[in-house]
Amino acid sequence: MITAPLPEFLPALPEIVLLIISLGLLVFGVMSKKPAMNLIVSLAQLTLLLILAIILFSPKTRHITFYGLFISDAFSVFIKILILTGGSIVLTISKKSLPQEGIKQFEYPILILFSILGMMIMASAYDLLTLFVGLELQSLSLYIIVTLQRDNLKSSESGLKYFILGALATGLLLYGCSLVYGFTGTTNFSILERIFKGSQDLNNQTNSIGALVGVVFIIAGMAFKISLAPFHMWTPDVYEGTPTSITTFLATVPKIAAFALLARLLTDPFYELTPQWSYILAGLSIASMVLGTFSALYQQNIKRLIAYSAISNMGYALMGLSAGNENGLRSSLIYLFLYMLMTLGIFACLLNMSQRGQEITTLKDLNGIGRIYPGTAFILSFMLFSMAGIPPLPGFFAKLSVLQAVIFVDAYAIAIIGAVVSVIAAAYYLFLIKAMLMEEAVVTFARPHKKHDRSMELVLGGIVIIMVLFFVKPAIFINWTRTAATSLFYLD
């Protein structure tokens, strides 16, 4: 009897440890008569920091294990660091807001851990089967998180929309995977790469076209996860209907993981199809930038405005990837890194004011807020100016980087559209800043009646310091993203 050798477990140690601790916390919560929410949130935070430490001190060499299903390389390490950092920040800034927002279920932080586990698997997926397992683990956790406020009609409605449209996107993705498998006979990324390179020819031209159609369906399914137009329909409603703490998570970490998975798919197994998929990505990028920007101009609800802004920003990130080369991917990673920081900073400011007794839901609620919360208003303005791409702030360099990437491959049309849309998009960010600093208050503000949240201040301070450091020493971050991008173009 022939038995297969055991796979190497060390490359997947972070995922294994996270799974064991998450299951342990779930058992602890179920067995406890009255599980303390703060305790479980704190344990979840410590868990993410532990996993982050394991990744930072693990070997950075490229490993493929579990019989070709799982890969660990510089790209996956980069993405996992972003995911774990973003998840830790979300738990930190939302810890004191959860009871206030009606989220008392101890499962919340545990579901966050399970969704992050799915995202980490997505970052290391090296087979279409691993891709699906990681994606569904993330998605199912998010469906539950979105509907935790069961007594809230808006929350239930947004959760139902998210689930139904998510199921449709999963169907598109699975259909695409089945086409690729049916016409190539494999789901492994390495073998798919060799097939499309021509070292193993497809049987005939029909098989080649069939596999290409499968790739299109896979891109469509992933576009939903990243909130790209025209697959963005769920985003504004879900952002508006969920508590701010959950919206903060949805707007940042899952997008990083989904974008990373799309990048690995297109630049590894399907790299030889770059002439075909680059046009699809360019179209999705233009549609997202234009639709997101012009829709945001008319929004009065802050969460809906941020939702359309996110659609536009994902279009910019996709612009770099559409270049189809290492430089374009590097620019997209820089953009994603700064987008996550800026978005977390914006939501941290909103949560800070909410925790201190000032609920912010519409643009009018921001009128005159700078007189009551000058420090928070200053940081929020800094984040908004950067998101608008005002030089010399980091957001400007992020947009400049993706524009340079497409100009380098002579894609002048998308570069011009991106530059014009960026100027228009600055308007709605300036609307928010004008309301905070220049408008008279339409309501009488209650003076802050709660103490400062030191953890919130540390997070906001840390985000600002990293963004300033990016401006002062950009080479640190650029070299980091270059290493990650280079590893994804590794040739077997």
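## A nonpolar surface patch

Val472 has a relative accessibility of 53% and therefore counts as exposed, since the cut-off for that class is over 50%. In this predicted model, Val472 is found in helix 18.

Two helices, helix 16 (394-408) and helix 18 (454-472), each supply at least two residues of the patch. Helix 18 gives the largest share, with 3 residues.

## Aromatic pairs and a cluster

The structure holds 17 aromatic pairs. One of them joins Tyr162 and Phe224: the ring centres are 6.5 Å apart and the planes lie at 20°, so this pair is stacked. Tyr162 sits in helix 6 (residues 153-184) and Phe224 in helix 8 (residues 205-226), so the pair links distant parts of the chain, 62 residues apart. Tyr162 and Phe224 are both buried.

Because Phe397 lies in helix 16 and Phe471 in helix 18, the pair ties together parts that are 74 residues apart in sequence. Phe397 is partly exposed, with a relative accessible area of 33%, and Phe471 is also partly exposed, at 43%.

Aromatic residues also come together in a cluster, formed by Phe78, Phe337, Phe470, Phe477 and Trp480. In a further contact with a ring, the charged end of Lys399 sits over Tyr316, 4.8 Å from the ring centre.

## Salt bridges

A search of the whole structure finds 6 salt bridges. In one of them, the side chains of Glu15 and Lys80 meet with an N to O distance of 2.6 Å. This pair links distant parts of the chain: Glu15 belongs to helix 1 (residues 13-31) and Lys80 to helix 3 (residues 74-94), 65 residues apart. Both Glu15 and Lys80 are buried.

Asp73 and Arg264 form another salt bridge, at 3.1 Å from N to O. Asp73 lies in the loop between strand 2 (70-72) and helix 3, while Arg264 lies in helix 11 (residues 253-267), so the pair ties together parts that are 191 residues apart in sequence. Asp73 and Arg264 are buried.

## A salt-bridge network

Arg304 forms a salt bridge with Asp237, and the closest N and O atoms are 3.0 Å apart. Since Arg304 is in helix 13 (residues 302-322) and Asp237 is in helix 9 (residues 234-241), this pair ties together parts that are 67 residues apart in sequence.

Arg304 is buried, with a relative accessible area of 17%, whereas Asp237 is partly exposed, with 24%. The two residues are part of a network of salt bridges that also links Glu157, Lys161 and Glu240.

## Cysteines

A disulfide is a covalent bond between the sulfur atoms of two cysteines. A search of the whole structure finds 0 disulfides. Cys177 has a relative accessibility of 9% and therefore counts as buried. Cys349 counts as buried as well, because its relative accessibility is 0%.

How values were computed: Residues are numbered from 1 along each chain as its sequence is written. This is a predicted model: local features need pLDDT of at least 70, side-chain atom pairs count only at pLDDT 80 or more; totals for chains, interfaces and linings use all residues. Side-chain values use heavy atoms; hydrogens and water are left out. Helices (H or I, at least four residues) and strands (E, at least two) are DSSP runs, numbered from the N terminus. Buried means under 20% relative accessible area, exposed over 50%, partly exposed in between (1.4 Å probe, protein chains only). A disulfide is a pair of cysteine sulfur atoms within 2.5 Å. Rings of Phe, Tyr and Trp (its six-membered ring) pair if their centres lie within 6.5 Å; planes under 30 degrees apart count as stacked, over 60 as edge-to-face and the rest as tilted. A charge sits over a ring if NZ of Lys or CZ of Arg is within 6 Å of the ring centre and within 35 degrees of the ring normal. A salt bridge is a side-chain nitrogen of Lys or Arg within 4 Å of a carboxyl oxygen of Asp or Glu.
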